[in-house]
Structure formats: C-alpha cells, structure tokens
Amino acid sequence: MSQRQVLQVFEQYQRARTQFVQTVAELATRPQNIETLQNAGVMALLRPLLLDVVPNIQQTAALALGRLANYNDDLAEAVVKGDILPQLVYSLAEQNRFYKKAAAFVLRAVGKHSPQLAQAIVDCGALDTLVICLEDFDPGVKEAASWALGYIARHNAELSQAVVDAGAIPLLVLCIQEPEIALRRIAASALSDVSKHSPELAQTVVDAGAIAHLAQMILNPDAKLKRQVLSALSQIAKHSVDLAEMVVEAEIFPVVLTCLKDSDEYVKKNAATLIREIARHTPELSQLIVNAGGVAAVIDCVGCCKGNVRLPGIMMLGYVAAHSENLAMAVIISKGVPQLAVCLSEEPEDHIKAAAAWSLGQIGRHTPEHARAVAVANVLPVLLSLYMSTESSEDLQVKTKKALKNILQKCTHLPALEPLLHDAPPNILKHIVGQFSKVLPHDSKARRLFVTSGGLKKVQEIKAEAGSLLQEYIYTINNCYPEEIVRYYSPGYSEALLERVENYQPVL
C-alpha cells in the first residue's frame, strides 16, 4: 500500500469521526432522539473522542456530551460513572478556548441536576480549573465557567462554600464589570446563587465589592441583565438588617422603582422582591421605602400585573403594614386596600389569595380606623367565604381565619360586620358578636339600626354554650334593649303570642 493510500485511509477515518460527532451533537438537540442515543451506548463512543488528536472532534464530542447530560439526570450520571469528568477537567486547563467552552458546558449540564452530581464535579477538582477560566482572555470562556460555577453553587450552602473557597467571588465581581452583556448576566446570576444560602455567603459577596457594581446596573437597558442584578441584590438583602442597609446605602432608591414599570414581567417581579426583602426587616427601612414613594409604586405594579408577578408586591405591602400603625396607614392612604381586595377576589391561585389575605390582616389589625378601611372595601365577606370553602387549601384557610380575627377584633364599623352574622361559623361568630357587644352599649343610633336590620333577631337565634364567651357577648347585647324587645325577636315568640290569642278569653 502506497503512502498516498495510507493517508487516504487516515483521512477517511478522520472524516468518519468528524461526521459521527457532528451527527450525534445534532441529534442530541432533539428530545425524541435522546433515548435511542442512550440505548445505542453513545456515551462510551464519545468518551475516547474527547482525547482525539483533532481539536474540532474533541470540541464537538464535548458539545454532544453536554447536550446529552443536559437532558436528564440519568445521562448526567452516566457522564460521572463513565469517568469522563477527570478527562474534561484535565483538558479544560490545557486546550484552546473552543474546547474550554464545550468542557465547561458539560460540567454545567451535569452539575445542574442535583447536589450529588454537583458534588461529583467538585470532587474531581473542577472548581480550581473553572476559576482559572474566569481569568481567560476570551469572554465566552469566562461566561461558560461562570455558568458552571453558578449551577454548582445554587444547590446548597456547602457547594456554594466550595465555590467561595476556590476563589471565584472576586473574579465573578470582575466579570460583572466586563463590557459583554451576556457575561455580566451570567456572573450576576452566579453571585445570586452563592448569596442566597446564608448571611455568611452573602457577606462574602458583599466583601468582594459586589453591591456597588450591581446597583449601577439597575437601569441597564438589557432586561435579562436587570433580572439577575435585582435577584442578586434581593438574595443579599434578605438575610439581615445589616446586609439590607448595605444594599440601601448603594442608593438603589428611588431608581429601583422604575423597574416596577418595566415591560419585562420578571424585572417587575424581581424589583418587587428586592423591595419586599428590604421592607420586612425594620420599621425604619420600611419608612425609607415609603418616603421614596415605594408603597405607591408597588401598589401600581400589583394593579397592572397578574399571577405570581404580583406575589412579592402583595407580601411587601403586608410587611410594611405589619411594622406600625403609621406605616399601615401609609398603605391605606396609597389605596393599597382596594388593590389587595381585587387580588383576593380575582386571583385563581390559592397561594396568592393567601398572601393577599395575610397582608389585609396586617393592615387591619392595628386600630378601629385601620379595620374600617379594610372592612369598607368589602373584604370581610370574601375572607369568610374563602375560609369556609372546602375548595380552599389548608394554608388559605389558616391565613383567612387569622386575617378575619385580626380585623374583627378591631372593627367597630357595624354595617360591615352585620352581613357576617348570618354565615359565620361559631369560632368566627364570637369575634363578630363581641364587637357588637362593645359598640352597642354606647351608640343609640347603632342600637336602633341593629334592630331594624334584623341583627338583633339573628343574635337571638344563635345557640351559644352556657358559660361561653359568646353567651356573655349576647347577654351584653340583650342588656342594651328593653326586655319586651328582646323577647319579641326571640325564636318562638310569635308562636307564643298566637297561643295566647287562642287561649285568650274575651270579657263579654
């Protein structure tokens, strides 16, 4: 065989390998092909091609493996069990930028599925190599490494700590200052994933100087970048008063409020989440948000959104109102109650209704004035209906019951309470009757109205246990009226009158 023929054989073999890896990489993009590829043992066939002498074949083999591992945890497990990870990590440090991106993609695809698979990546020494990739001159390599580190860190505090210990945080902070938008997005996302697990991890991100750089990007026109920036600041602020104050000191107000009007739903949601995480800590931080116009802005945002996008805003209003009478009044003045009432009535999801109920309870629990503001929005019948509905989730029933109790114990606006007398179960009824027993002795107009509206008649029909608090309240109400009036509205009184008429002997 001549030299030329030998070269032709080698060329054919190279073409065949190239065609094979390209075809597998292409087939792996379509979910319907995955099972067939897996059953054909494609993992074992791709593994030796990671060490191929032709760089293009190496890269495409890594890309194919990444696409397969990305599909489900069984295939990701196969990458781990096939001893492919050490090979990838070794090549990651040695090869060109195209291979580095493909290898980092495989690590990300494996690590995303579970803490166990992410731990396998840590155990094979990948973190140190990925951190070195964060210093690569190529932005695509940095992006791929940032993505892999974020997917490892998001699972739990231990894995996040491993990412921190590998020295990734200062380099990720440098990445969010790079000109490439895609790199900044992924680096901000990775910082968010590290920060979310504990105050200590969030403090590590803060100590690397992340807050100032993140805060500067709040008004960036790129929606996907804003999502990640707001998420990272939320994950830092949620842990403690000190961390929340550091975020506020980066002068995020009032600029963050503009994000509540963004056309991107996730930007709105993440902005509301950030404001919520700050507001929940102290009255002072809530007051700062009120002073910046944050409550009115959140109410507007809740009004123009639907579903889960509304949820953080709904909760934020509850957290603000919970702190003090004045802050709850700020929510009322900004017309927060009607908006929460709409959410309570219109939202189909129980967890959103439960959040609205909780927030309304926090607003109404302070004083009679607060309770009246909630009651006149016709919230009480809706809360009662949701509490009594067999279709409501357990959490919704708990939240509506608590909200009803909070509001009823302060509510002296009797027209709002009266309709509830007819439908409320005994455990709620005692709070309603209790409020009537507090108001009626001191208000003659209310006493008259209570009779003409049928309230007194309804109270006489209530069967209270002897010696119970409910019976005591009924006794107090009855003492507000002449005995013959109470008797007239008592059950069976008309029959007793008719009986007297029948038995009456006229004097002739």
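Start with Arg108: its charged end sits over the ring of Trp147, 3.7 Å from the ring centre. For a charge to sit over a ring, NZ of Lys or CZ of Arg must be within 6 Å of the ring centre and within 35 degrees of the ring normal. Arg154 does this too, with its charged end over the ring of Tyr151, 4.2 Å from the centre.

A word on where this comes from. The model is predicted, so local features need pLDDT of at least 70 and side-chain atom pairs count only at pLDDT 80 or more, while totals for chains, interfaces and linings use all residues. Residues are numbered from 1 along each chain as its sequence is written, and side-chain values use heavy atoms, with hydrogens and water left out.

Next, rings against rings. How many aromatic pairs does a search of the whole structure find? It finds 1. Rings of Phe, Tyr and Trp (its six-membered ring) pair if their centres lie within 6.5 Å; planes under 30 degrees apart are stacked, over 60 edge-to-face, and the rest tilted. Tyr319 and Trp358 have ring centres 5.1 Å apart and planes at 70°, so this pair is edge-to-face. Tyr319 is in helix α21 (residues 311-323) and Trp358 in helix α24 (residues 350-364), so the pair ties together parts 39 residues apart in sequence. Helices here are DSSP runs (H or I, at least four residues) and strands likewise (E, at least two), numbered from the N terminus.

Buried means under 20% relative accessible area, exposed over 50%, and partly exposed in between, with a 1.4 Å probe and protein chains only. Tyr319, at 22%, counts as partly exposed, and Trp358 is also partly exposed at 22%.

Now the core. A nonpolar core is a set of buried Ala, Val, Leu, Ile, Met, Phe, Trp, Tyr and Cys residues joined through side-chain atoms within 4.5 Å. The largest one has 179 residues, and those with the most contacts inside it are Leu130, Leu214, Ile278 and Leu380. Helix α7 (residues 97-111) gives the most to this core, 8 residues. Contact means heavy atoms within 4.5 Å. Leaving aside residues up to four places away in sequence, Leu214 touches Ile176, Ala188, Val229, Ala232, Leu233 and Ile236.

Last, the whole chain. What does it consist of, in helices and strands? There are 34 helices and 0 strands. Its C-alpha trace spans about 150 × 50 × 35 Å along the principal axes. Buried residues make up 51% of the 508 residues.
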